[in-house]
Amino acid sequence: MLIQIQSGSQPIYQQIVDQIRFRILSAQLKAGDELPTIRGLAETLKVNPNTIARAYRELEHEGLVEKRRTTGTFVAESSGTLSRTRRRQILTPEIDKLLVLAGHLGADAAELDELIASRQQALQRKE
Amino acid sequence: MTSADDFAVRVQSLSRSFRGTQALIDVSLQIPRGSVFGLVGLNGAGKTTLIQHVIGSLKALHGSVNVLGQDPTIRPEKLLARIGYMTEEDSLPKWMRIRDLISFCRTVYPTWSDSYATQLCDMFGLSTTAKLKSLSKGGRARVALLAAIAHRPELLILDEPSSGLDPIARADILEAIIRTVADEGRTVLFSSHLLEEIDRVCDHIALLHDGVLLESIPAATLPERYTECFYRTETPSSRAPEIPGSFGGTGDASEWSVLIDSENEASLSTTTSIESHGSRWELVRQEPATVHRWFAGRVQRKPTASSTPMEGVQHV
């Protein structure tokens, strides 16, 4: 798995969580797919194994992956359907960032709604 | 209760001076077994002097050093067989061929593994018939790394191993660290001023500055303990706002950032707006401190007199 680690920004385990989560939610990784072993990923990324383990624990806590005893870590069957609470937890900080920026730029709620709708159409056309 | 065996290295109140200059001042630290312990500090902070005590090339005159359960200066050969050591210096004899060096290592280390050495040669693209002097600096560093790890040491000590090496050679070193620690119970002591590398591979970070151990902290707790807070003021200021429990102010004019230590009792938890040297400061943003920011804040020069304004503030 090609994960990009950047120093000096977010904590490394967080970067790993974000990138694996994105792969699962965008179905690049599908239910039942096996994640690399902790040791294997640690060696590829040149990152401490405990950091990988912490990232996997976090993903497990989010219900995106599940550990199967002795065999490894797999993308959870129910990973595509996150609970409403979890979805909100993940989306909220992103929306907050957007709202702060929109506020600074002087874009009001109506303009933002309109923009979201038009971007959604644009993305759907691409698919 | 933790027993002595939980720690691969224990340094107690170690001091050392050379011709009246203090290189280490009352340094105490413990390296948990199975961890990657990062030693950071500016050039001349005392990192190498500390490591020389750990490998027994310097004897503790004040304080004590215990490595894998023994004093490293008593029967050092017994200890060195269990340790792998690599420094930034190109210290291997250049006239040797790689295979001669491997034969030499085999006689020194009872646990030397020829198959692992062969595997490492393949991985690093080294030919055993090559002479060390024919290799690039990166090639020689890989040979030094091979000689330090092919006996699968219980404790691997790397003293600024990456200095002056290309990114691919540095990646090989990091991978060797990860492999070492991924094998149960083995320990790595890694000294570097490349914070990006420290951030990636270390469980624990210790900061040595002017011979003093300023802090020793589990890497995962660092961003939880320290928060970088950004403040703005209407009246441009030549110094950071004075906030109890904060340190490492950096910035200029109307924007300054400081580090807040959540474990310092003096620090205020929700400091959104404060009054400092006659101006009002608003908190505009806060985020967990990065290793870089923490390091820069810690080694920043403090103003000499507490009451004098910080003219010519250090920008880190």
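Why is E8(B) largely enclosed by the rest of the structure? Five of the six residues of this strand are buried, so the rest of the structure largely encloses E8(B). A residue counts as buried if 20 or more other C-beta atoms, placed from the backbone, lie within 10 Å of its own. Strands (E, at least two residues) and helices (H or I, at least four) are DSSP runs, numbered from the N terminus.

The model is predicted; local features need pLDDT of at least 70, side-chain atom pairs count only at pLDDT 80 or more, and totals for chains, interfaces and linings use all residues. Residues are numbered from 1 along each chain as its sequence is written, and chains are lettered from A and ligands numbered from 1 in the order in which they are written.

E8(B) pairs with strand E3 (residues 36-40) of chain B in the parallel sense, over four bridges. Pairing requires at least two DSSP bridges between two strands. Ile205(B) in E8(B) stands opposite Gly38(B). With strand E9 (residues 212-218) of chain B, E8(B) pairs in the antiparallel sense over six bridges. Ser216(B) in E9(B) is the bridge partner of Ala206(B). E8(B) and E9(B) form a hairpin with two residues between them. Asp210(B), in the turn, has a positive phi of about 50 degrees.

An automatic or database domain assignment divides chain B into domain 1 (8-210) and domain 2 (222-299). Eight residues of domain 1 of chain B are in contact (C-beta atoms, placed from the backbone, within 7 Å) with six residues of domain 2 of chain B. On the domain 1 side, H7 and strand E8 (204-209) of chain B each supply at least two residues.

Key. Contact = placed C-beta atoms within 7 Å. Buried ≥ 20, exposed ≤ 12 C-beta atoms within 10 Å, placed from the backbone.
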